[in-house]
Amino acid sequence: MLWVFRVQIDLTLSSARIASALWKALLPESLVSLRGVKVSLLQNGSTVNIIVEAGDESSLRATVNSLIKLSYLVLEVISALGELLDCR
């Protein structure tokens, strides 16, 4: 029997616009399949769903960690840009 490990992360953000920006930033990560890892991204309004499937726990953990870090950085940049635009 072949095991598939799966994680789903649902991020509900303050607006659909921010969710769209995050979805677009993460999209390239879903287009490449390395080490048998599959990443699916869905956006529904202000929610982004990240689904990661992998054949082993190590690959799953590494991919999930990378996507969480990338999501955090993208949201920090969006926040910083919003603050800059509010200062004008």
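**Close-up views of a predicted model**

**View 1. Glu53 and its salt-bridge partner.** Glu53 is partly exposed, with a relative accessible area of 26%. This value, like the others here, comes from a predicted model. Glu53 forms a salt bridge with Arg6. Their closest N and O atoms are 3.4 Å apart. Arg6 is partly exposed too, with a relative accessible area of 49%. The structure holds 1 salt bridge.

**View 2. The three-stranded sheet.** The sheet is open, and its 3 strands follow the order S1-S3-S2. The pairing is antiparallel. S1 and S2 are the edge strands, and each pairs on one side only. On average, neighbouring strands are turned by 15° against each other, direction ignored. Between S2 and S3 there are 7 bridges. Look for Leu41: its bridge partner in S3 is Ile50.

**View 3. Helix H1 on the sheet.** H1 lies across S1, S2 and S3. H1 runs at about 165° to S2.

**View 4. The largest nonpolar core.** This core has 16 residues. Leu22, Leu26, Val39, Val48, Ile50, Val52 and Leu67 have the most contacts inside it. Helix H1 (16-31), strand S2 (38-44), S3 and helix H2 (57-86) each give two or more residues to the core.

**View 5. The surroundings of Ile50.** Leaving aside residues up to four places away in sequence, Ile50 touches Val7, Gln8, Ile9, Leu11, Leu26, Ser40, Leu41, Leu67 and Ser71.

Note on methods: Residues numbered from 1 in each chain as written. Predicted model: local features only at pLDDT ≥ 70, side-chain atom pairs only at ≥ 80, totals over all residues. Heavy atoms only, no water. Salt bridge = Lys/Arg side-chain N within 4 Å of Asp/Glu carboxyl O. Buried < 20%, exposed > 50% of the residue type's maximum accessible area, 1.4 Å probe, protein only. Core = buried A, V, L, I, M, F, W, Y, C linked by side-chain atoms within 4.5 Å. Helix = DSSP H or I, 4+ residues; strand = E, 2+ residues; numbered from the N terminus. Contact = heavy atoms within 4.5 Å. Pairing = 2+ DSSP bridges. Axes fitted to C-alpha atoms, helices over the stretch in contact; angles between N-to-C directions.
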